[in-house]
Amino acid sequence: MSEVIVEKCNGYAVIFMSNKKKRNALDSELSKALIDKAEEISRDDDIRAVVLAGKNHIFCAGADLDEFSAALTKDALSHYKNMETDVKVFDMVEIINKPVIAAVEGYALGGGLGLACSTHIVISSPECKFGMPELSLGIFPYVIFPYVMGAVGKREATALALTRKIIDAAEAKRIGIVYEISDNPFLRAKAIAKSIASVSPAVLKLSMDAINSLSGEKINSKYLSLLRIVNFASEDLEVGIDAFKKKIKPEWRGK
Ligand code: COA
């Protein structure tokens, strides 16, 4: 069962993602709950900063591959309808519109990396692993790629996606995903959120407007989502997910 737990502290809130049996994979239930909580938090003036973390000492293992398998038989129109949650969840930081600090442990893979890169500050445990393994499964990380690119630039993001390299926290810090490495990323992220919540609320709002006004090009998620729908119609995605589950090498069919 997946769920989102929100704890309100003094001036800030902590959002926990939890999907224990699947390494906190982002299923549609979790994604929808994240969007709903983001909207609630955006309206709550008592919350001036947010910590995003995963339960069970893991941040997030990306999209739910069981839902991917189930989605292989869906038609384009159903995929299009699902975009509301599948794609919108990565806008959660934009929806919150307050500083968001990710506390990452274990793994931040695929969508987990996308979420981390969409936040303002990432605090990582020394052991946390980051990467975009999607191409090994037969799909490009369409939706999250722009967020990773925003954090590390196009060349590093392209290399990460193409090589599917899983990098450690030190490398993630070197290329700009991680701001700080801490033995207790959760406590450190909470301390930063508390400190941010202590500045003038009026000036903090202006600060967010200033930062957002410099956020570069608006992500063209509609075109990327369209490519994702085309990819979902390929046999090779089924081959890739099946190989992941059986822990074998995929035998691509090229279609
Ligand atoms: N979606 C659905 N289930 C997932 C999942 C995901 N993204 N990631 C992990 N799981 C499930 C596994 O299928 C396994 O289920 P089982 O116990 O029923 O066999 C369980 O979580 C534990 O995973 P396992 O791979 O055995 O754990 P691990 O500690 O050896 O490895 C990961 C952890 C995160 C490195 C590994 O699970 C992984 O690579 N996950 C997929 C990451 C990915 O490709 N993300 C992009 C998706 S588009």
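Colleague: Is Glu-84 buried or exposed?
Modeller: In this predicted model, Glu-84 is placed in helix α3, which covers residues 76-86. A residue counts as exposed when its relative accessible area is over 50%. Glu-84 has a relative accessible area of 54%, so the residue is exposed.

Colleague: What distance separates the C-alpha atoms of Glu-84 and Ala-49?
Modeller: Along the chain, Glu-84 and Ala-49 are 35 residues apart.

Colleague: How many helices and strands does the secondary structure of the chain come to?
Modeller: Helix α3, at residues 76-86, has already been named as the place of Glu-84. For the chain, the secondary structure comes to 13 helices and 9 strands.

Colleague: What radius of gyration does the chain have, and what would a compact globule have?
Modeller: The C-alpha atoms fill a box of roughly 60 × 35 × 35 Å along the principal axes. For 255 residues, a compact globule would have a radius of gyration near 18 Å. The value for the chain agrees with this, at 18 Å.

Colleague: What percentage of the residues of the chain count as buried?
Modeller: The chain exposes about 13,100 Å², and carbon and sulfur atoms supply 54% of that area. To count as buried, a residue needs a relative accessible area under 20%. Of the 255 residues, the buried part is 47%.

Colleague: Among contacts between residues at least 6 apart in sequence, what percentage join residues at least 24 apart?
Modeller: The contacts considered here are those in the chain between residues at least 6 apart in sequence. Among them, the part joining residues at least 24 apart is 70%.

Colleague: How far apart are the mean positions of the positive and negative charges?
Modeller: The chain has 34 positive and 33 negative charges. Their mean positions are separated by 2 Å.

Colleague: Which residue forms a salt bridge with Asp-66?
Modeller: The count of salt bridges comes to 13. In the pair that includes Asp-66, the closest N and O atoms are 2.8 Å apart. This pair links distant parts of the chain, 44 residues apart, with Asp-66 in helix α2 (residues 65-71) and its partner in the loop between β2 (12-18) and α1 (28-43). Asp-66 is partly exposed at 35% relative accessible area, as is its partner at 31%, and that partner is Lys-22.

Colleague: What separates Glu-171 and Arg-174 within helix α9?
Modeller: The side chains of Glu-171 and Arg-174 meet in a salt bridge, at 3.0 Å from N to O. Glu-171 counts as partly exposed at 23% relative accessibility, whereas Arg-174 is exposed at 57%. Both lie in helix α9 (residues 169-175), and because they are 3 residues apart, their separation is about one helical turn.

Colleague: In which helix do Asp-242 and Lys-246 both lie?
Modeller: A salt bridge joins the side chains of Asp-242 and Lys-246, with 2.8 Å from N to O. Asp-242 counts as partly exposed at 37% relative accessibility, while Lys-246 counts as exposed at 52%. The two residues are 4 apart, about one turn, and the helix, at residues 235-246, is α13.

Notes
Residues numbered from 1 in each chain as written. Predicted model: local features only at pLDDT ≥ 70, side-chain atom pairs only at ≥ 80, totals over all residues. Heavy atoms only, no water. Rg over C-alpha atoms; globule rule 2.2 N^0.38 Å. Buried < 20%, exposed > 50% of the residue type's maximum accessible area, 1.4 Å probe, protein only. Contact = heavy atoms within 4.5 Å. Areas by Shrake-Rupley, 256 points an atom, 1.4 Å probe, with all protein chains shown as cover. Lys, Arg positive; Asp, Glu negative; His and termini not counted. Charge placed at Lys NZ, Arg CZ, Asp CG, Glu CD. Salt bridge = Lys/Arg side-chain N within 4 Å of Asp/Glu carboxyl O.
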